[in-house]
Each structure stands twice: as C-alpha cells, then as structure tokens.
Amino acid sequence: MLSVAPDAHRFPPSQNIRVRSWFPTLSVMYVTDRDRRLAHNALTGGKTNSGKSLATRTDPVTRRSLISSGPRWSGPFRGVAFMPTTAPATTSSGPSNLLLAMLDATSLSLLEPHLRDITLKQYDILQDADAPIQYVYFPVTAMISLLAILETGEAIEIAAIGREGAVGTKFGARPQLSFARAIVQLAGTALRIDISQFHQAATRSSAIADLAMSANDVLVANLQQSAACNAIHGLEARLARWLLHARDRHDSDTLPLTQEFLSEMLGVRRTTVTLAARMLQNAGVIRYRRGHIKVLDREGLEAVSCECYGVVRRNIARILHPEF
Amino acid sequence: MPHLEHVPCHREQILVDADSALDHIFFPDSGVVSVMAVYSDGRTIEMATIGREGCAGVQAVFGTSRSSARYWVQIPGSAAKISRAAFTRAVRQMPSFRSLVYAYVQAFTEQVLLSGACNGAHGLKERLARWLLMMRDRSDEDVLPITQNLLAEMLGVQRPTITNAAGELEREGLIERGRRQVTILNRPGLMKASCECYQLLRTRIAFHLPKTYA
C-alpha cells in the first residue's frame, strides 16, 4: 500500500528532510494483523454493492430506501433537541444521510446518478493523511472516524462522522489531499461518489457547494472542541463522550468496540482505558464484554460525559440543522 | 485593499466572542490571537493559535455568520480588519485570494487536528514546550509576556501543575520564568523537550503556506 505514503515531490525540496519523518508513521501500519488488514483494505473504499439507481436501491440490512423521500431532518436527531434518549434505527421513511436529505430535488438529481451504495467494514481505511481523496462518503448506518497521525505513529481520533455529515468534502487546494486518516469505526452502509463527480455537481449547484462548506464548518468547529476537550477533560469524561457520539450514530445500544481500539482512539494506554471503562461499568452506565460495549444508561453516560458532547451536537444543529 | 482597516490589538482584548456574530475577520500583523473554547462555568481553554501566518475568523469562508469560538488577544500587536461581507466578496471575486484562504483553512484545520491529538496523547511538559515554541514563532520575541496563570489556563491545567512543568524546563536551562513573562533561553533545546508535534505542525503549515514559517 505504497499509495498511502506521501510523495516527496509534493513538498518543496527544502522540506524533504522533514517529510521523511512521515514514513515511520506509515510503516506502523504493517506491524500487527489488524494493521495488515487495514493496509489490505486501505483506500479500496469498501465494496460497491450495485449500480442501481437510488430510487430502487435499498439498505441491505433493513431493505429500506437509502435516500429518504420523507420530510427534511427526518433522522435520529428530529425533535429531540440535544439529548435524545433513543436514536431510532430507522424513521418511517428509512435510514438516510441527513446531508443528502437536505438537498432540493434538482441538486440531488445531479448527484444521484453517481452515488453508489456501499458497505463499509470496520477498520477499513477510506482516506489516508496526505493521500489523494478519491471519494466523498455520505454515511448512512456506518460511522467514520477522522484520525490525526502523530509522528510516533499514534493515530488519535479527533472527529466522528455519521449520517449527519460527509467525509471528503474538502475543497479548494489542489491536489485534493486528505488532511487526516478516515477509518470505519462502526461498520454499516454509506453512499459514495467520485470526488470529481462531486465537484462537478458542486459547480452546477450552489446548494451542493454550500452544503459542502457547511459540512466543513461543522468539522472545523468540532475539531476545535476536541482539541479543547482532550486538553482539559479526564479520560472517563472523554470516554463517555466518545461512546455517546458512537451511540448517536449507531442503531443499537451494543457497540462492537474493543478496548484496544478505544485506547488507540483516545490516545492512552490499554490499561488506562480499562480503568475508565471499569468505572463506567461500576457506575452502571455501560457493560463491557470482550469486543463489545453496551450502553445501559444513556442519561447516566451523559452525566459522566463533559459538556463537549452537547457542544458538538449544538455545532451540528447550529450549522446544519437550524430547525433544532 | 480599501476594506482593510489597521487596528491595534490590546492584551486580553476579545476580537470576536464565542457564540456571537462574526462581523469581522482579523489578519494579525503582529501579536498572537488565541482561539478559545468557553465552557458554561466560564472556564476557557485554547483550541488554536493564530499569528501573522493567518487570520482570525477564517470560518467565514464556509458561509457562517456566527462564531462558536472566542478570539482573544494573547500577545498584543496589530491587525488588519475587514468586514465579513467584504471578505466573502473578495474570496468570491479574487481567485488568487481564494486559493490563499483555502490554503490557510487547510493549514488551520491541520493545526487544530494535530494539537487536538497532541493534547490527548502527550504529557504536559512536551505540550508546554510546543506551546511556547508556537508563541515564539508568532511573536518573533524570545521574551513572551505571559503569566503563569495564563499558561495554566491556555493548557487547561491547574496552576501548581504548570508551575512544576515550567520549573522542569527552567532547571534544564531552556526557559526563564519572570513575574509576568517567560523568556526562551535555548530554542533548539526547547524543540528537543517538545514532542515532535511542533516540527510536524511547522512542516504542515510550510506545506500549505510556503511563505510563512518555512
């Protein structure tokens, strides 16, 4: 998977010495079995299920239409302000990506012929830092994490994106390089479009261009919040926030997440995350089993979490969902 | 640039407050502006740092009219101020300005991303060294007019905790603490004490904005 590595020629020659320091980062990818699997899946972007038109395409699990034909804002956040007690698996009109659901019919028709519904496997790498962006992903039931890759090879989650957003809507700078690694945190479905097709549609429809901008606005606001949260809040609160974000975007209380994965996402040792998880379990808000974490008491989890959880949700509401 | 107005930025001045209208964008000529998160109990913490390599309020390019963050003058200086309307007009009409603004958005996003990850993963001493180096880059002075209280607030820790970390750097001869200032005595040494995030950040900024701190 050498395509993952940044090409030195993209940098000014004077930067080459520093750029070399990125290679150890990437070589970490091949160390463990899971990393081999990551490398194997890297940048394949999951498998395309079919090329059927959206009208007839359905979610493979629920058999419902992938694009909502219902009212705007029909999603897990509707009418529940910032503290939903449950995130319904599907609405009456089926699961959908909320960004796409915001578009008017004309704009959506520009994207529709090029959208493919795909299934994303857990740990698939969709984009890597400094590698060209190939696709824009609109998660439906999948949840995608953006990771910052530190010099030491640590990959730390700094934002999570589910059906309320999109990954890869970067704009402007050429060539289109991803600034972060995007991996699939929770397996599920997504809609995918070639980046060039997306840009073509965005030049023809200002609604699409505006939506991409708004998605970026939310992203930057939430990245900022994570930076603040990581500096100021304890691991227990951060873990609780992280589980809540995952729960919001997942249709079940049971999250298929290992503690090893959690410790990587949160940038702490495995034993440290185990302690924090044990505290949450002793408080009765979660129960963990090998490879799974079950949310038992959502409100309790919110009480443990820092207010950054609410801030992130409000950023989404303020920029993308004014009706809230 | 008929729309640019040069204004002084006073210490601890709030250029744009959190959750308020983003009416102006500020391009610092000198000094440092901190992007702050404001929590409901009034606690604040720095989320990003802006100097003459960029501008405060670049989110206007996304079409937003409100700011989620507080822009707060950390080290006094001056800035060129432009109304949001004139800024967005310039982005729309001038392709060269647009590319520049987009490049800065990239650089800024990466700064936030990397410092966020660093905040989560690295120890206070490394973070403190990184933060001082970033201040030094943006203010061009070895003497940083920063109190220990401010340091603690910026890094989101208690005052005694920051005193310990700064004390360690001082004992290693890298910095000197004064009553209302921190002096950088040994910049290469401080770079060694810092995590590699500092170099990584500089590399990323230089990549997007070659004419800044390269």
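Of the 214 residues that make up chain B, 51% count as buried, a value that, like every other value reported here, is computed from a predicted model. Chain B contains seven helices and 12 strands. The radius of gyration of chain B is 17 Å, which is close to the 17 Å that the globule rule gives for 214 residues, so chain B is as compact as a globular protein of that length. Taken along the principal axes, the box filled by the C-alpha atoms of chain B comes to roughly 55 × 35 × 30 Å. When the contacts in chain B with a separation of 6 or more are considered, 71% of them are accounted for by residues 24 or more positions apart.

Within chain B, an open sheet of three strands is found, in which the order is 10-12-11 and the pairing is antiparallel. The edges of this sheet are formed by strand 10 (143–144) and strand 11 (175–177) of chain B, each of which pairs on one side only. Strand 10 of chain B is joined by two bridges to strand 12 of chain B, which covers residues 182–184, and these two strands run antiparallel.

The domain assignment divides chain B into domain 1, residues 5–97, and domain 2, residues 123–194. The centres of domain 1 and domain 2 of chain B, taken over C-alpha atoms, are separated by 24 Å. The contact between these domains of chain B involves 10 residues of domain 1 and 10 residues of domain 2. On the side of domain 1 of chain B that touches domain 2 of chain B, the elements that give two or more residues are strand 5 and strand 6 of chain B, and strand 6 of chain B gives the most, with four residues. By class, this side of domain 1 of chain B has three nonpolar, five polar and two charged residues.

Chain A is likewise described by a domain assignment, with domain 1 made up of residues 2–50 and 97–230 and domain 2 of residues 234–305. To the contact between them, domain 1 of chain A contributes 14 residues and domain 2 of chain A contributes 12 residues. Strand 5 (143–149), strand 6 (155–161) and strand 7 (181–186) of chain A are the elements that give two or more residues to the side of domain 1 of chain A that touches domain 2 of chain A, and the largest share of that side, four residues, comes from strand 6 of chain A. The residues on this side of domain 1 of chain A are six nonpolar, five polar and three charged.

Between the two chains, 40 residues of chain B are in contact with 38 residues of chain A. At least two residues of the side of chain B that touches chain A are supplied by each of strand 5 (32–38), strand 6 (44–50), helix 2 (95–121) and helix 7 (197–208) of chain B. Among these elements, helix 2 of chain B provides the largest share of that side, with 16 residues. Sorted by class, the residues of the side of chain B that touches chain A comprise 23 nonpolar, 15 polar and two charged.

Definitions and conventions:
Residues are numbered from 1 along each chain as its sequence is written. Chains are lettered from A and ligands numbered from 1 in the order in which they are written. This is a predicted model: local features need pLDDT of at least 70, side-chain atom pairs count only at pLDDT 80 or more; totals for chains, interfaces and linings use all residues. Two residues are in contact if their C-beta atoms, placed from the backbone, lie within 7 Å. Ala, Val, Leu, Ile, Met, Phe, Trp, Tyr, Cys and Pro count as nonpolar, Asp, Glu, Lys and Arg as charged, and the others, Gly among them, as polar. Domain bounds come from an automatic or database domain assignment. Two strands pair if DSSP finds at least two bridges between them. The radius of gyration is taken over C-alpha atoms; the globule rule is 2.2 Å times the number of residues to the power 0.38. A residue is buried if 20 or more other C-beta atoms lie within 10 Å of its own, exposed if 12 or fewer, and partly exposed in between; C-beta atoms are placed from the backbone.
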